[in-house]
Amino acid sequence: MGYRMSNDKPALARRLSSSRSPYRLHYIFSEGEKTESMYFNALSKYANKSDEIEIRVMDRWTINKGNSNQYKITLEVEKYINSIQYLDSDNIQLLDDLTNKLKEQELTVADMFQLVKIVMDLEQDAFIHEGEHLLQQINTILTMSDYDKEFDKICIIIDRDKKSFTTFQYEEVLNIAEKNDYTLGISNPNFEFFLLLHMNDLSVLSTEELINNPKVTSKKRLMESLLKDECKKNDTTFNKNNYDCEWFLDNFENGYTNSLNYAHEVEELKESPGSSLFNILQEWIKP
């Protein structure tokens, strides 16, 4: 059920002042282990990102990364967010204070006993896993406890991929998102298609080819193969664990223009190729 933030910068709490409204926090949950996380981590530090928001990329625990069914991931996100909202506020404040002392190397032995007690309780309630980075998990809990439904945004990034995401499950995901006011970033067939649109309008491909995303080798499907080819043409490279995310962010406007040829509303994406991600990113990237 747990998550840890993958953002490099440790700033967590919402900054408040008498003269400036607090910035909005946008939490990114995705099914992918690397490709999507890399893109949104790059966006969180991008020079042309909107100054009004802070992006928090939420990585799933390592033990949960093998489960990539989109419906189950959405249920997992819902359960995690709702559960954190019920944590005791005094304990959350104490956890924040003790964590700051730990970072500043000011933790006393008595403080350590208090911290261990809170961490053990969180582990028992499945908010912390013994095999994951402690401070990353604590930072995630502190940040998520600050979530304000009226002000912040939960974004769930998933592929349509009919091979693992049934029509019934798709409808259930839409219902969960509507009930909780989550924003869905869905790409049909997948995230590689979303990246491809930054480079090419893909007008040479039929709707069937796009949606089915057939295998071209024993380990590679059409979208990934085309993405690698297009990257070479643009003097960059792509693999799922390493690519130049900033290049894609710099070419966002081209991607948005190409995306207008395809579906972009989540209801349409159930059956039609396209991506709702460009609509979301318009709010995050300065023109």
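This briefing covers the nonpolar cores, a surface patch and a few individual residues of the structure above. The model is predicted. Its largest nonpolar core has 42 residues, and a second, separate core has 39 residues. Helix α1 is largely enclosed by the rest of the structure, because eight of its ten residues are buried.

**Nonpolar cores**

- In soluble globular proteins, nonpolar side chains tend to be buried together.
- Within the largest core, the residues with the most contacts are Phe-29, Ile-141, Met-144 and Ile-154.
- Helix α2, residues 70-84, gives the most to this core: six residues.
- The second core is separate and includes Tyr-46, Tyr-243, Trp-247 and Phe-252.
- Ile-154 is in contact with Tyr-27, Phe-29, Val-77, Ile-81, Met-144, Tyr-147, Tyr-182 and Thr-183, leaving aside neighbours within four places in sequence.

**Glu-31, a buried loop residue**

- Glu-31 sits in the loop between β2 (24-30) and α1 (35-44).
- Its relative accessible area is 9%, so Glu-31 is buried; the cut-off is under 20%.
- The side chain of Glu-31 makes a polar contact of 3.5 Å with the side chain of Gln-70.
- A polar atom of the Glu-31 side chain also lies 2.5 Å from the backbone nitrogen of Asp-159.

**Helix α1**

**Surface patch**

- Met-112, Val-116 and Met-120 make a nonpolar surface patch of about 270 Å².
- Met-120 is placed in helix α4, residues 109-124.
- Met-120 has 54% relative accessibility, so it counts as exposed; the cut-off is over 50%.

**Phe-151**

- Phe-151 is found in the loop between α5 (134-144) and β4 (153-159).
- At 30% relative accessibility, Phe-151 counts as partly exposed, because that value falls between the cut-offs of 20% and 50%.
- Phe-151 and Leu-94 are 57 residues apart along the chain, and their C-alpha atoms are separated by 24 Å.

Definitions and conventions. Residues are numbered from 1 along each chain as its sequence is written. This is a predicted model: local features need pLDDT of at least 70, side-chain atom pairs count only at pLDDT 80 or more; totals for chains, interfaces and linings use all residues. Side-chain values use heavy atoms; hydrogens and water are left out. A nonpolar core is a set of buried Ala, Val, Leu, Ile, Met, Phe, Trp, Tyr and Cys residues joined through side-chain atoms within 4.5 Å. Buried means under 20% relative accessible area, exposed over 50%, partly exposed in between (1.4 Å probe, protein chains only). Helices (H or I, at least four residues) and strands (E, at least two) are DSSP runs, numbered from the N terminus. Contact means heavy atoms within 4.5 Å. Patches are made of residues with over 30% relative accessible area and no salt bridge: like charges are joined within 9 Å, nonpolar side chains (Val, Leu, Ile, Met, Phe, Trp, Tyr) within 5 Å. Accessible areas come from the Shrake-Rupley method with a 1.4 Å probe; for residues, only the protein chains shown count as cover. A salt bridge is a side-chain nitrogen of Lys or Arg within 4 Å of a carboxyl oxygen of Asp or Glu. A polar contact is a pair of N or O atoms within 3.5 Å; within protein, one must be able to donate a hydrogen and the other to accept it, and residues adjacent in sequence count only if both atoms are side-chain atoms.
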